[in-house]
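Here is a short note for someone opening this structure for the first time. Please keep the view at hand while reading.

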Amino acid sequence: MLLIEISGVEGSGKSSLALSAAQYDPPVDYANFDGNLWQAAGRFIGELKSKEIRVEDFGDLGDDEKSKQKIDAEWNHVRTWLDKKLREEKGTIVLDTFDYVADLIKRSLVVGFLQGEELKPNAHAPANAWLDGFIARMKKSKRTVIIMNKVTNPWEIIGQSEAGKNQWGYNRDKWVRALPQHFVDTLRYAIHFSFFTTATIYQPNAQAIENWKKAVEEGKKLMEPKASATFWAEYTESKPNKLLVGKRVSDPTIGKLLDDEKIKQALEVAALLRGEVVP
């Protein structure tokens, strides 16, 4: 199996990258935790219709986020679905995004958290035990598992423009996964691949806007210039081939990112060592 982590800020292409697994290792069982799937799903209509992408919607707790009954029902839904999907023989599981599960775990398994009480020193032990067991089951599964994470605090002011406006930039050293620290630490030793996704936005230049305005005034038909985005992913961890760490891939797909010949050879060796039959 493959264990993949995709981290990035909102709108950086995480969901599109994960959905592309339908073209690499179908079927995709997609746990839609945060409801943002449909923003990226338009380009995968064919795979949705053919059931190469199968979506499981999980509810937003909303006003019931402190209801023990609602939380227990949602937690049971998540665990039952995961247990079933990890036992299947092929394809990909996508958890989008895992911080929802992490929050659900705290509310369900950490005694006193839901009530806002002062936590005992070992209060997180049941949650940590479940997370450790979850990683162990993922590693034993025959399926590819993609864990998606949101990132907090990645932006800072890096300078000022000539007009005196603040210029914001991305600081890779300051990004923080929205996950329990215990899980981050444990995941570090289990992950096969980790990618960070981002998008660079290009605004239309002044000349393009001026040309459009002139065309409108002259009664000509010319599409209004609009901003465009370029998406890319960077390897931040690659156990089969450490030399890939830091490499960036434009317009990434799962197939593109995993199609390196050395990676394929390393994964084939790993499968043979586990006693699996490699075609």
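1. **Overall.** This is a predicted model. The protein has 279 residues, and 41% of them count as buried. Its secondary structure comes to 9 helices and 11 strands. Take the contacts between residues at least 6 apart in sequence: 68% of these join residues at least 24 apart.

2. **The largest core.** The largest nonpolar core holds 36 residues. Leu3, Leu95, Phe98, Phe134, Met138, Ile147 and Phe183 have the most contacts inside it. Several elements give two or more residues to this core: helices H3 (68-86), H4 (98-109), H5 (125-140) and H6 (181-188), along with strands S4 (92-96) and S5 (144-152). In soluble globular proteins, nonpolar side chains tend to be buried together.

3. **Leucine 3.** Which residues does leucine 3 touch, not counting residues up to four places away in sequence? The list includes Met138, Val145 and Ile147. It also takes in Leu187, Ala190, Ile191, His192 and Phe193. Of these partners, Met138 and Ile147 are themselves named with leucine 3 as having the most contacts inside the largest core.

4. **Leucine 86.** This residue lies in helix H3. Is leucine 86 buried or exposed? Its relative accessibility is 9%, under the 20% cut-off, so leucine 86 counts as buried. Leaving aside neighbours within four places in sequence, leucine 86 is in contact with Ile93, Phe134, Arg137, Met138, Ser141 and Val145. Valine 145 is 59 residues apart from leucine 86 along the chain, yet their C-alpha atoms are separated by 8.8 Å.

5. Helix H1 (14-19), strand S5 and strand S10 (228-238) each give two or more residues to the lining. Which element gives the most? That is H1, with 4 residues. By class, the lining has 13 polar, 8 nonpolar and 7 charged residues.

6. **Serine 12.** Look for serine 12 in the loop between strand S1 (3-8) and H1. Its relative accessible area is 2%; buried means under 20%, so serine 12 is buried. The side chain of serine 12 makes a polar contact of 2.9 Å with the side chain of threonine 197. Not counting residues up to four places away in sequence, serine 12 touches Thr197, Thr198, Ala199 and Phe231.

7. **Serine 16.** Serine 16 is found in helix H1. At 16% relative accessibility, it is under the 20% cut-off and therefore counts as buried. With residues up to four places away in sequence left out, serine 16 touches Ala40, Arg43 and Phe44.

8. **Two cis peptide bonds.** Most residues other than glycine have a negative phi, and most peptide bonds are trans. Proline 26 and proline 27 are joined by a cis peptide bond, with omega about -5 degrees. Proline 27 sits in the loop between H1 and strand S2 (28-32). The bond from aspartate 96 to threonine 97 is also cis, and its omega is near -10 degrees. Where is threonine 97? It lies in the loop between S4 and H4. Please check both bonds in the view.

9. **Positive phi.** Lysine 51 is not a glycine, but its phi is positive, near 70 degrees. Its place is the loop between helix H2 (45-49) and strand S3 (53-57). Exposed means over 50%, so lysine 51, at 56% relative accessibility, counts as exposed. Aspartate 251 has a positive phi too, of about 45 degrees. This residue lies in the loop between strand S11 (248-250) and helix H8 (254-258). Aspartate 251 counts as exposed because its relative accessibility is 52%, over the 50% cut-off.

Conventions. Residues numbered from 1 in each chain as written. Predicted model: local features only at pLDDT ≥ 70, side-chain atom pairs only at ≥ 80, totals over all residues. Heavy atoms only, no water. Core = buried A, V, L, I, M, F, W, Y, C linked by side-chain atoms within 4.5 Å. Buried < 20%, exposed > 50% of the residue type's maximum accessible area, 1.4 Å probe, protein only. Contact = heavy atoms within 4.5 Å. Nonpolar A, V, L, I, M, F, W, Y, C, P; charged D, E, K, R; others polar. Polar contact = N/O pair within 3.5 Å; in protein donor to acceptor, adjacent residues only side chain to side chain.
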